[in-house]
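Thanks for making time this morning; I would like to walk you through one structure, going from domains to chain contact to a pair of helices. Please have a look at it first.

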Amino acid sequence: MTRRLLIAAACLALITVPLWIGNNYYVNIASQILIYAVFALGLNVLVGYAGLVSLGHAGLFGVGCYAAAWLLAGGFGHLTAALIALLIILATSAAFAVLSLRTSGIGFVMITLALGQILWGLAYRWIGLTGGDNGINVPSRPAPFGLSLASAAPFYYFTLIVFALAVASMAVFVASPFGASLRGTRDQPRRMTALGYNVWLIRFLAFLFSGFWSGVAGLLFCYFNEFVSPNVLALSSSAEVLLMVISGGSGTLLGPIAGAALVVIMKNVASAYIERWNFVLGAIFVAIVIFMPEGLVPGSVRLWRWLWAGARRFPVRGGVR
Amino acid sequence: MSALVLKQLEKSFGGLRVTAALDLTVEEGERRLIIGPNGAGKTTLFNLITGELRPDAGAIALFGRDITRLPCRLRPHLGLARTYQIITLFPGETLLHNVTLSLLGLSALRWNPFRRLARQQTLIERARAALGRVGLDELAERPLAQTSYGERRRVEIAMALAQEPRLLLLDEPFAGLSIDERKEVHRLLLSIPRDVTVVMIEHDMDVALELAERITLMHFGEVIVEGTRAEVVAHPRTREIYLGG
């Protein structure tokens, strides 16, 4: 019951963001949080549920961005561009998966890092295709069913719908037999093989699912900025989203969302008031690793349970019993 | 038809030969005990049979079908199940989830990303029944991390039995168990139906000899002695290599 109330309250808060948050600047920040949350949720499929740490996911995010931007700049319609971009994202994810799933552990990290860097290099140097440092301008945001997404609030609601779809798909995926199989391959791959599972194929499909949502986030980012440059594929972007997943709590549904909110707020809001905001963000990550190594969300739950259990063990007169 | 036939099986790790031209035939329904000193190649033999290791030479046939080159993941689908000497379970999950994963491994449902696993009542009831078979149904919802070593051993066996194997490989099922736990596992192994062929590695001769009909003694990757309990125990090489005295 409490859980349902909390979910309802969170939904209500998200739906009413443009009403209570103040000006368009903060609505855009909220949109960015949702975009990065979708990205982090995508990466979390690999990091949290498959136990495969990718340092090249910005490549897939960037492919979504560039594919859409290039097609839109080339005169394709929004729907066609989005559909083709999604196919390109899936094809790139498949290529990433085939190359990187030859190994696991540090080998997987290194291969994904290298693949991400190759895409960044292409974006930076293949000027004829990507515009190099100048990037690609996107002519306009989409207008689904004639509704313009040009201003902050409509775009926020569009992003919120995609975010809700991502969260729902993750929730269904995690609770499914396939989700259980994936977690099994994370914990005991050798045992899973001996039980009759095709560990490689399970990881491959999980990679596609992860890449798909990372690319969708890239697509949203392209619409949001109406511009794309090699920065979106940089190693720092891959590291940033990995930090979102780990700091929020990998292998949980809410963790990557909390992590995305933390990083985007620090980058965009705190940086306006604190000159050395990078230092503060670093300090926060260190504190999380020391005090809540499992991440912000599971750590807070653990802390809450500990406090609650303490309150029940030592009841104060008139307090909790 | 024989349950398992190994012909001239060979495996080396670099210069170390761990399985040397090994021949072994296990008949359907048989209870076979594999014994030998540490380093004899017993667990390697199991790994070759399950496909976790690929042999350098030789052939493996399971119920008449050549499985030498068949990937490890496909062998459980032909009725091969095993337990491990070092327990390899899913510590963060409940006992019920552990056995459910075992059942799911042979079900097409494992590829389904849409249905809720918690609502697959048939599968879950089968998992619960498998736990009941090893006397752990009351602990079904308990996380594996909160169970004793003996209980985990029984979960291993429950996972293997849940797959309804035709050939069951047990790698030291009594290792690390207390006297009472040994009695329970012993009873459990005696209750395995005859249509399941059992091959077991075990050092505890008191319990193992009672379960086995035929015994194979291995040493340095070779079969040294093979025969009935009485034949193998009485053989001078068995005393020399394994029993001592």
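The domain bounds I use come from an automatic or database domain assignment, and for chain B that assignment gives domain 1 (26-55 + 70-79 + 165-245) and domain 2 (90-164). Please keep in mind that this is a predicted model, where local features need pLDDT of at least 70, side-chain atom pairs count only at pLDDT 80 or more, and totals for chains, interfaces and linings use all residues. Residues are numbered from 1 along each chain as its sequence is written, while chains are lettered from A and ligands numbered from 1 in the order in which they are written.

The centres of domain 1 and domain 2 of chain B, taken over C-alpha atoms, are separated by 25 Å. Twelve residues of domain 1 of chain B and twelve of domain 2 of chain B make up their contact, where two residues count as in contact if their C-beta atoms, placed from the backbone, lie within 7 Å. On the domain 1 side, helix 5 (residues 179-190) of chain B supplies the largest share, four residues; helices here are DSSP runs of H or I with at least four residues, numbered from the N terminus.

Between the chains, 26 residues from chain B meet 20 residues from chain A, and helix 2 (residues 95-104) of chain B gives the largest share of the chain B side, three residues.

Finally, within chain A, Leu60(A), Gly64(A) and Leu71(A) are among the residues of helix 4 that meet helix 5, whose partners include Ala81(A), Ile88(A) and Phe96(A).

Technical notes. Helices (H or I, at least four residues) and strands (E, at least two) are DSSP runs, numbered from the N terminus.
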